[in-house]
Amino acid sequence: MKGIYVHIPFCTRKCKYCDFASYAGKMRLADAYIDALENEAHIYRGAEADTVFVGGGTPSLLSAERIKRVCKICFENFNIADNYEFTMEINPGTIDDDKIRAMLSGGVNRASVGVQSFCGAELNAIGRIHDAETAYNTVYALSKNGFSNINIDIMTGLPSQSMESLKETLTVAVSLPVTHISAYSLIIEDGTEMEREYSSGKIILPDEDTDREMYAYTSDFLAKHGFSRYEISNFAKEGFECAHNIKYWTGEEYIGLGAAAHSYDGNARYSNSIGIEEYISDNKRDVIYLSEKDKISEFMITGLRMEKGISADDFYRLFGKNIEDIFGNELNKFINMNLIRYKNGLYSLTPRGIDVSNSVLCEFV
Ligand code: SF4
């Protein structure tokens with residue numbers, strides 16, 4: 001079964017750290033964009049899928065009618081399994097009860113809310129359009145209207161963030177009716193407003209040690225409150241791991257619809273035109289054929305980010321080779337350094353390995 005990703009590239013305003021394919025001030029193109037999504041979905045008509053993820057951008061910026069139409073396009077064009085997971089991303093400040101009901105009646109059964117922080121000063125510093133109270137109320141509105149599977153995204157390493165303010169954010173997070181928490185470190189991307197502010201000294205970020213401490217604290221705190229880490233940045237209550245994202249991390253096939261969306265068919269990765277207008281008028285799909293070496297590297301990097309790690313048997317099943325014949329030196333080196341462990345046929349990062357995961361994963365490229 002494949003995963004379906006649908007990209008909705010509209011946003012109210014660009015957040016300062018964002019380098020995603022998302023655009024402010026282009027909602028006039030929404031209907032033409034959804035027409036183009038429908039045309040692209042026809043190409044894959046009948047494909048079997050058990051996960052759908054409508055992300056962005058800000059899908060919740062669409063009207064209730066447009067939300068229903070996007071859902072209908074998915075159910076009409078794909079053969080979606082009965083036990084499906086259908087996630088839609090929501091940004092606080094762009095949602096109301098009508099839209100939530102449109103999502104539910106359209107078949108969405110998992111909501112993912114971009115909270116980022118429950119500290120107003122931090123939200124301001126990164127240019128979010130909402131305050132902490134709106135984020136809090138958004139989660140309750142989703143729950144009250146019938147969503148029982150809700151993720152919230154939070155961020156660490158934010159300008160002016162302290163251990164105290166992180167603790168406050170986490171305390172509020174676990175008090176909410178949520179099943180999943182994604183916690184990512186802020187990354188300063190080239191060309192963003194945040195990069196300009198950082199380079200000019202206008203903002204100061206927590207140093208590397210504090211960032212690491214924040215990650216360790218987050219991980220422990222969430223574990224104590226029933227959210228187990230199943231991927232470096234993702235924590236879930238039992239049975240609520242995100243099935244769609246697990247497909248990316250385990251090398252399964254997916255179909256991406258929309259501007260800048262990617263698809264993967266087991267051999268090649270396809271990427272759509274990035275701009276909204278280009279996607280609507282003449283979507284040009286680029287193709288990158290993946291060599292076996294590329295596929296092996298991706299399998300290692302994404303697999304090692306998972307808490308359960310990489311199965312030597314899966315490696316053999318996929319690539320017809322023993323993992324130890326390809327990466328024996330690297331694996332032994334990291335096992336001796338206590339950065340990787342081997343247990344019951346699985347290689348996984350140790351807590352120390354997670355701390356320096358970027359350097360460890362680099363060696364499998
Ligand atoms: S809401 Fe998300 S996609 Fe839109 S600008 Fe902010 S970070 Fe980027």
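How far apart do the C-alpha centres of domain 1 and domain 2 lie?

## Domain arrangement

The C-alpha centres of domain 1 and domain 2 lie 29 Å apart. The contact between them, where contact means heavy atoms within 4.5 Å, takes nine residues from domain 1 and eight residues from domain 2. Domain 1 covers residues 2-248 and domain 2 covers residues 292-365 of the protein chain, with bounds that come from an automatic or database domain assignment.

The size of an interface is often given as the accessible area lost when the parts come together. Between domain 1 and domain 2, the buried area is about 870 Å², and carbon and sulfur atoms give 56% of this area. Buried area here is the accessible area (1.4 Å probe) that two parts lose on being put together, summed over both.

## Basis of the model

This is a predicted model, in which local features need pLDDT of at least 70 and side-chain atom pairs count only at pLDDT 80 or more, while totals for chains, interfaces and linings use all residues. Residues are numbered from 1 along each chain as its sequence is written, and side-chain values use heavy atoms, with hydrogens and water left out.

Helices (H or I, at least four residues) and strands (E, at least two) are DSSP runs, numbered from the N terminus. The peptide bond from Gly56 to Gly57 is cis, with omega near 20°.

## Two buried strand residues

Glu231 is found in strand β9 (residues 228-231). Glu231 counts as buried because its relative accessible area is 1%; buried means under 20% relative accessible area, exposed over 50%, and partly exposed in between (1.4 Å probe, protein chains only). The side chain of Glu231 makes a polar contact with the side chain of Arg305 at 2.6 Å. A polar contact is a pair of N or O atoms within 3.5 Å; within protein, one must be able to donate a hydrogen and the other to accept it, and residues adjacent in sequence count only if both atoms are side-chain atoms. Leaving aside neighbours within four places in sequence, Glu231 is in contact with Trp249, Arg305, Met306 and Glu307.

Ser311 lies in strand β15 (residues 310-311) and is buried, because its relative accessibility is 12%. The Ser311 side chain reaches the backbone nitrogen of Asp314 at 2.9 Å. Beyond its neighbours within four places in sequence, Ser311 is in contact with Gly345 and Leu346.

## Loop residues with positive phi

Ala260 is in the loop between β11 (254-257) and β12 (262-264). Although Ala260 is not a glycine, its phi is positive, at about 65°. At 23% relative accessibility, Ala260 counts as partly exposed.

Asn344 is in the loop between β16 (340-343) and β17 (346-349). Its phi is near 50°, a positive value in a residue other than glycine, and Asn344 counts as exposed at 72% relative accessibility.
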